[in-house]
Amino acid sequence: MSKSVRKSVLPPVKSHGYEFGGPFGALAISLLVPAVCYLTAFLCNDISGCPVPSTLHPRSLTLQKLKEEVGWPSDGVRGLASWSVTGYVVAYYLSSLVLQAALPGVVTQGAKLRSGARLEYKFNAFSSGVTVLLFAAIGTYLQGPDFFLWTFIWDNYIQLITVNLGIAFFLACFVYYRSFSVKAGNHHKRELALGGHTGNLIYDWFIGRELNPRIDIPIIGTIDIKAFCELRPGMLGYVLLDLAFMAHQWKLYGGLTDSIILITLFQSIYVFDALWMEPAILSTMDITTDGFGFMLAVGDLVWLPFIYSLQVRYLAVYPLQLGLQGIVGVLAVQLFGYWIFRSANNEKNRFRIDPNDPRVAHLEYMETKSGTRLLTSGWWGFSRHPNYLGDWIMGWSYCLPTGIAGYIVKHGSPAVFPLGDMVDDEGIVSLGLPKQQVLQGEARGWGILITYFYLLYFAILLVHRELRDEEACERKYGGDWAEYKKKVRWRILPGIY
């Protein structure tokens, strides 16, 4: 398509500039995300250890030895993908589409677009997720940990990453190409995202040109690609990965540890709370502001399920028992973070709905020229984003159950430990397999780089989100925002940031 034709289909709206470091940052993230997913999968495994032993002795590291320890496919790069795995994953996506179309759901309208129109959405992600888990529960009841779904996920983990990366890449290219057919004033209510039509191919492909790309599929109907990817294949896949890892631990050791149960419970509640509150996505920046490109596609379909579940995958091989004190400690962290998160959000929502509500009537605020009231006391006087702090503290409860992580798989003749005493005084665990055992040894502590990686990433995510919020508020409130920042100095954590 020529440049002149492209210009003719652009709505008369200017882009608001680059984010994420512009084209260079977009390219870097597009390459880094797949690399991190593969690295965490290969460097933490049930073949040699977590991390693999060679990485602990970089001076003696050889490529051949590293290949053996990470389980590099015998047929090389070709082994990273599989046509059969691709078929099953595509079938999973198709089943998600069928469930969305077939099951009853709540139909609601989205936020008002720049044109003044509103898009219609059908929400039934919760019932769709329950249907899938019911199928998995029946299979597990009949076949236990050998249920096909669980063994398939464990045995084809690398290939699953590859296929989902491929789908994310395809969707990003498809919606990018199709976005050039958006015309000003079209009756399909299609619009370009404000930040997604800079004219730079790499950046626009990454950030997303079209705001809400949709496609009509025969029999199934109209599908909003962004809303579909936001909570369905990847979010539910996150739970399925966790359950597959639990099944693997059950298969190896004949039972489940309190640590793996606790993390899977926390993460499942997180997912199904999001599925239950699916209509809430209509007010999020992902839906109202960001276009749909590789950033959201790879984040929803690859990064979230495969990176967020790393802790459970670790525990599938090294079954750490927390004991009563450990459980209480982890629960305390989770509840403390949730208390901050929920209290802050409730305070803001109550004040927004009814400032005279007795629970928030005592709070101090400043009036802006736009008529909006900004809280300057309570949680929102504590910092400008106290809910982010609570969210990050809750993230610790996903990582702490892995303890001081790290293990090495040894090939020998182990003694068999019962489930209640999986880990002995030296951190040795029987793998339940002939001539294999797992112990922490010199790997102790180094596994934290993988099992606690989520905390580092989540902190960066929240800080970046806060910076985007600040920019949006400065545009919205102007000088009032500068005055507000004098009253509420700290962004997230007083005294630190």
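Reader: Which residue lies over the face of Tyr-121, and at what distance from the ring centre?

Author: The model is a predicted one. Arg-214 lies over the face of Tyr-121, at 4.8 Å from the ring centre. The cut-off is within 6 Å for CZ of Arg, together with a position within 35 degrees of the ring normal. Arg-209 is likewise placed over the face of Phe-180, at 4.0 Å from the ring centre.

Reader: Why is the pair of Phe-351 and Tyr-365 called tilted?

Author: A search of the whole structure gives 37 aromatic pairs. In the pair of Phe-351 and Tyr-365, the ring centres are 5.6 Å apart and the planes stand at 50 degrees. Centres must lie within 6.5 Å to pair, and planes under 30 degrees apart would be stacked, over 60 edge-to-face, so what remains is tilted.

Reader: What makes this pair a tie between parts of the chain?

Author: Phe-351 belongs to helix H15 (residues 323-353) and Tyr-365 to strand S6 (residues 365-367), so the pair ties together parts that are 14 residues apart in sequence.

Reader: Is Phe-351 buried or exposed, and how is Tyr-365 classed?

Author: Phe-351 has a relative accessible area of 6% and is buried, since buried means under 20%. Tyr-365, at 37% relative accessibility, counts as partly exposed, because exposed requires over 50%.

Reader: Which residues do ring pairs link into a cluster?

Author: The cluster consists of Tyr-238, Trp-303, Tyr-308, Tyr-398, Phe-453, Tyr-454, Tyr-457 and Phe-458.

Reader: Why is helix H17 described as largely enclosed by the rest of the structure?

Author: Of the 14 residues of helix H17 (residues 386-399), 12 are buried, so the helix is largely enclosed. Among them are Pro-386, Leu-389, Asp-391, Ile-393 and Tyr-398.

Reader: What is the make-up of the lining of the second largest pocket, by class?

Author: That pocket has a volume of about 590 Å³. Its lining has 20 nonpolar, 4 polar and no charged residues. Tyr-88, Tyr-92, Leu-149, Ile-153 and Leu-240 lie nearest the centre of the pocket. H4 gives the most to this lining, with 7 residues.

Technical notes: Residues are numbered from 1 along each chain as its sequence is written. This is a predicted model: local features need pLDDT of at least 70, side-chain atom pairs count only at pLDDT 80 or more; totals for chains, interfaces and linings use all residues. Side-chain values use heavy atoms; hydrogens and water are left out. Rings of Phe, Tyr and Trp (its six-membered ring) pair if their centres lie within 6.5 Å; planes under 30 degrees apart count as stacked, over 60 as edge-to-face and the rest as tilted. Helices (H or I, at least four residues) and strands (E, at least two) are DSSP runs, numbered from the N terminus. Buried means under 20% relative accessible area, exposed over 50%, partly exposed in between (1.4 Å probe, protein chains only). On a 1 Å grid over the protein atoms alone, a cavity is a set of points where a 1.4 Å probe fits but cannot get out, and a pocket is an open set with protein on both sides within 12 Å along at least five of seven lines; lining residues have an atom within 4 Å of a point. Grid points are joined across faces, edges and corners, and a volume is the space filled by probe spheres set on the points. Ala, Val, Leu, Ile, Met, Phe, Trp, Tyr, Cys and Pro count as nonpolar, Asp, Glu, Lys and Arg as charged, and the others, Gly among them, as polar.
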